[in-house]
Structures are given as structure tokens and as C-alpha cells.
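Open the structure in your viewer and keep the selection tool at hand. We will go from stop to stop, and at each one you will hear what to select and what is there.

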Amino acid sequence: MKISLLLNIAFSLLFSRKKQTLVAAVGVLFGIAAFITLLGFMNGLNDLLDGMVLNRTPHIRLYNDLKATERQPLEMAFPDTNTSHFIRSVKPGSGDLKIYNNEAIVSALKQDKRVIGVAPKVSTQVFYNVGSIDIAGVINGVEVAEEMRLYRFADYVSGGNPIDISLVPNSIILGKLAAEKMMAELGDVIQVTTASGERSTLKVVGFFQSGIQDFDKVQSFASIATTQKLLGKESSFITDLQVNLNDIALAPSLAIEYSRIFGLDALDIQTANSQFETGSRVRSIISYAVGITLLIVAGFGIYNILNMMIYEKMDTIAILKATGFSGADVRFIFISIAMLIGLAGSLSGLICGYLLSSLIDQIPFNTAALPTVKTYPVNYDLKYYVIGALFGFLTSYFAGYFPSRKASKVDAVVIIRGK
Amino acid sequence: MKIVLETRSIQKYFYSPQKFQVLDDINIKIQQGEFVSISGKSGCGKSTLLYVLSTMDLDYEGELFIDGTTMKAKTENQLAIVRNEKIGFVFQFHYLLNEFTVLKNVMLPALKLGKFTKKEIEHRAYEKLKALGIEDQALKKANLLSGGQKQRVAIARALINDPLIIMGDEPTGNLDKKNSQMVFEIFQKLAQDFGQTMLVVTHDPEFAAGCNRIIEMADGKIV
Ligand SMILES: Nc1ncnc2c1ncn2[C@@H]1O[C@H](COP(=O)(O)OP(=O)(O)O)[C@@H](O)[C@H]1O
Ligand SMILES: [Mg+2]
């Protein structure tokens, strides 16, 4: 009863100043709408740019690096800690990239609750033969279904169905730029030479385009079986295990853990791509800063109208106090006015922000680098709407705080005597 | 007879431009049903005294009892409740809220008190307006009324919570002869027909003459 009465008075005061109220609310509207649009657009771009690399990068990559054995035979022969060993020109022994016992490792990883998926891979260097010229390249033998689930493989394949590499024997999805150099069309048969000198023919069933030139010039994809056949290896020959996690932040610590447990080399995504995170963070910070600045400006709008209203409504405040409304009541009334303006502005701002975002989402954005992207990217994450609304309320609360305190302290005697 | 309002040796000073005593040893007792007027020359401290008695001005020495309890120990919030429940005000200027209708203006103090439902309060407000002959204006915005009508609305508002005492500070001061006469008659009627306790500052001798008792002030003292 009491609160509804105070709110009722707040509403009446608001309606007696329709124009100023509207202007103040529109200020908040602009602030929130800009905040939502900016963050949605910036983060859309972030997702796009990050996605170009990060979507395609496993959270942890397990592999055998080519390097010299850490414990050299000499050390095993003379394990005495007092002896110093001087070994020069150490070379890696066997060039074996194979991950032994990989099936057991895969099933162990799949048991791990922190892991969403494991995709084995065989990658090998090849030469694409174009007439008498050889172009260096890499063929990645992948489990295409897992690759599509974990790394959005399908988004980057044009021309054909990515599944085809697992269905059509001896087929390949060629890097777009490599294909252009080779003038290979869909359905053509190309020749490749492996490092060990074997020649094979492969049928082109699609093109791979990540948007990163250096990548698209070199990388091609085939099924694991096809690649193993190219290499003349047995069906257990796997060179990489790509692991994706529920929580990407765990990657560095889990990389160390897996490396120790499985005796493999492990590279986590943060170490592999630290520069991307920095870029995204800077863009986010900029958009938050601009959005919050706009909201603070809007806050001053509310502050102004409230101050003006209090100045104009001194008589009202005095008589409310004389007839039994306390300072706290008066304060509540004016805080409510600020919050009502903030609420109206925030809600309409959220709607306008959403509409603006969807407008940007309609603007064509065609880039050769990203075949699946047709319009500007926008992120509609609810998070930004919640933060925007929260900031809107907070700004209006603070904008109302000091004026309403002033209103509650108005001395009725001074006002009444002044008449 | 019950004592509605009592003061014990109230002193008050103003400090600007220089220190001077505006109220000096004020001792008054007002009994239930009394119609008392305060008169005196302009500037003798009548309004100042009324603001002290109304609990709006807290900066005084001495003691003020309303309905038998001292006001000294009360918080700002409790004093607001006392004003809401026990005191009705009529000022020289009407102080109606222009954002509201006449009816809502009268209802506000009762809505704040919350003793009755909204329906009952509306009914009571109509009764008061009817008694003052302005019920036909009830749904108009307050700023559309004439001076005399506004002052009658202010009286209705002062009456809405059936206050222990009505205080008036020159309630006819802003009105023309005819309207002053009408307001004066309303006060007379309230005193005679309803036994309403009233304390009214006036320097209209005719108004003062109609009261049970006149408190004469000069230079901050009761004479
Ligand atoms: N806030 C104030 N500061 C200083 N002096 C004041 C203040 N308010 C009133 N006065 C002075 O106190 C005296 C009494 O004023 P007031 O009570 O309004 O007189 P009255 O109502 O009897 O005409 C006057 O001399 C007036 O100038
Ligand atoms: Mg006066």
C-alpha cells in the first residue's frame, strides 16, 4: 500500500514533465542500444576472427615431436650424479611419429569427464604434382564426422560434401589456393608424391577454405584410411590426437597432465594462439568502454532532469512533508522517478539494440576468405542484454541517488515561509 | 478536559544575520475542543511558533507535548507520523499538488496513514468536500480552481485524518473579503458543530473575535 502510493506519486510527477522525461529516457535508450549493438557486433567479429583459427585448433594436441632422446645412453651407463657428461651434436634417433597404443589412449581420453571429443589424425607431407612441377603440401587424414562435430569442418568446405572423403575411396578435399594453382576442378583426379617417393592418384571431392592464405595453399584433407594407404602404413598409424575440452581454460594444465600420463608431447591452444585472445580482449574492452561512456552520459541526463524536477517541485516536497511523508518517503519517490526513467529507457534500449543488431546482421558481407559468411556477423548472447540492462539500472540509480537525497533533506519550513 | 497540546518554556533563536531570540519562554496549553487564535504584529514570531508546534521545526529549546507525549525524543520518521495522524495544516498559501485532482489531494494524507481502504478514503474525501461545498470540483486538477476553492480543498485535506488539532497560519491572508468570510465561517462551524480543536494564527481582529481564546504575542513573548 505504502510503496504503491509512493510509486503513484512518482508516476504523477513524471507525467507532469512528459517532455523532459522522454528526453532523459531516450538518452538511456541510446546508451543501451549503442551498448548492445556495439557489443553484439564487436563480439560477432571476434567470434568470426577467432573462429578462423581457434575453431580449427584442438584445445590440446598430443603428438610425437621429432627430437633427441632426453636420456642419452651414456647417462644410463654412468648414472652416477657426480659424473658430468659432455655429448655433442646429439641427433634424434628414429623419426617415428606414430603414437603407439593410440586406441587405448583414445578410449582413456573419452572416459575423462573434462573431454568433449577426441579426433585422431594422420598428417603427412606430400608434393602435389602439377605437370612437371611439384608443390609442397600437407595431407591431413581425419575422421571427418568428429572433425565436423569438433572443428566445424563443414563450414570451411565448399564445392562438395565433406562426408565424401570417407565415402569415396582415394578422395581428397584440396586447399582452395592449392587447387587454383593446380587448376583442379571438382571431380578431377590429381597426383601426389609422398616423402618416401610413392605416387598416388586422388579424386577431388571438395575445396577447403579457411580464409588464411598460408593454410589454404598447403593443407588438404583426406580420410585416415586414404592417408595411411598413401604412406603405406598399417591402420593403427596415427600421428596426432586432437582433444577438445568442456572448459577451454583447463587446456594448459591438462596438456601437462596428459603429456605426463601418455608420454607424448602436448600443445595447448593458449600457447599455440596467444595473440588471438589478446586481440579479442582488446576489442571487448573498447566496446565496453564506449558503451559505458554512453550510459554515463545518459546518467547525467537523468541527473539533470531530477535536479530540475526537485527544484520545480519544492512546494510539492514541502507539503508532502508537512502532511506526514517522511524524508525517506520523499527519497523513495525521487529514486523511483530515476529508476522508472532508467527502466523505460533500458527496456526500449534493449529492444532497439536488438533491432539494430538484426539490421547489421542483414547487411551483406561477402569475403572470399569466408565462404559461409554472407552478412556481417552479430553475436546475440543474452549476456550482453543482461549486462546492458544492469548497467542501465545502475546508472539511473546513481543518477537518482544524490538528487533524491537532496529532495529528502528539503526543509519544509524554509519553503513554506518563502511564500 | 484533555490537553491536546502543551509547551513548556519554548525558546528559539535565529543566528543569521545576527543572533536574536525569536521565541521567548512560550508556555501554552490547548484543551480538546478549544478554538484558539494567535495574533500579534507582523514579525513578532507567530509563524515561527506555529512551525515549532507543528513539529516541522526542530531547532528550539524547551518542551513540546502533543497528545501527552514529548516530541523531543522522536525521530524524523516518527514526527512525520505525528504530523500525518494528529495535525492538520492550513497555510496562507494553499499548497495543493497540481499534478493531482482535487480528490486525490484530499486523499493523500489518508492514503499515507493507511488506516482505511482506498474506497473508504475516497468516500471520506467526498464527504469532506461536500461539507465544504466543493464536491462538484472533485475530479478537476487542483490548479484549475479559484483561490477560495483551493483554500477550501486545503481545509478538507487538513480534516481527512480527523486530526487532533488543526493549525492554520493566516488561512485567510491571501483571500479577498468574500472568500475570507467563507473560510472564517467554515472554521466557526468546525469549532461549534464538530468540536474541532484549532489553533489559528491571524491578524484579522474579526477572525480573532470569533475564537474561544486569543493568545496575544509581541516580540516573541506571550503578553
Ligand atoms: N530563517 C530566518 N532567519 C532569521 N530570521 C528569521 C528567519 N525567519 C524569520 N525570521 C525573522 O523572525 C521574526 C519572526 O518571523 P515570523 O515568525 O515569520 O513572524 P510573523 O509570522 O509573526 O509575522 C521576523 O523578524 C523575521 O524576520
Ligand atoms: Mg507569519
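Start by selecting ligand 1 and the shell of residues around it: by class, this shell has four nonpolar, six polar and three charged residues. Here Ala, Val, Leu, Ile, Met, Phe, Trp, Tyr, Cys and Pro count as nonpolar, Asp, Glu, Lys and Arg as charged, and the others, Gly among them, as polar. A residue is near the ligand if one of its heavy atoms lies within 4 Å of it. This is a predicted model, in which local features need pLDDT of at least 70 and side-chain atom pairs count only at pLDDT 80 or more, while totals for chains, interfaces and linings use all residues. To find your way, note that residues are numbered from 1 along each chain as its sequence is written, that chains are lettered from A and ligands numbered from 1 in the order in which they are written, and that side-chain values use heavy atoms, with hydrogens and water left out.

Stay with the ligand and colour by chain: ligand 1 lies between chains A and B. Which residues come nearest? Of the 13 around ligand 1, they are Arg417(A), Gly43(B), Lys46(B), Ser47(B) and Thr48(B).

Now show the polar contacts (pairs of N or O atoms within 3.5 Å; within protein, one must be able to donate a hydrogen and the other to accept it, and residues adjacent in sequence count only if both atoms are side-chain atoms). From chain A, Arg417(A) places a polar side-chain atom 2.8 Å from an oxygen atom of ligand 1. From chain B, a backbone N or O atom of Gly43(B) lies 2.7 Å from a ligand oxygen, and one of Lys46(B) lies 2.9 Å from a ligand oxygen. On its own, ligand 1 has 560 Å² of accessible area (Shrake-Rupley method, 1.4 Å probe; for residues, only the protein chains shown count as cover), and the protein covers 67% of it.

Select strand 2 (20-26) and helix 1 (46-53) of chain B next; these are the elements that give two or more residues to the shell. Helices (H or I, at least four residues) and strands (E, at least two) are DSSP runs, numbered from the N terminus. Helix 1 of chain B gives the largest share, three residues.

Move on to the interface of the two chains. There, 24 residues of chain B are in contact (heavy atoms within 4.5 Å) with 27 residues of chain A. About 2,300 Å² is buried between the chains, with 66% given by carbon and sulfur atoms; buried area is the accessible area (1.4 Å probe) that two parts lose on being put together, summed over both. In chain B, select Tyr95(B), Glu99(B) and Lys112(B), which lose the most area to chain A, together 30% of what that side buries.

Within chain B, pick Lys12(B) and Asp57(B), whose side chains meet in a salt bridge of 3.1 Å, N to O. This pair links distant parts of the chain, 45 residues apart: Lys12(B) is in strand 1 (residues 3-14), and Asp57(B) is in the loop between helix 1 and strand 5 (61-66).

Finish with the backbone. A cis peptide bond, with omega about 0°, joins Ser16(B) and Pro17(B).

Key. A salt bridge is a side-chain nitrogen of Lys or Arg within 4 Å of a carboxyl oxygen of Asp or Glu.
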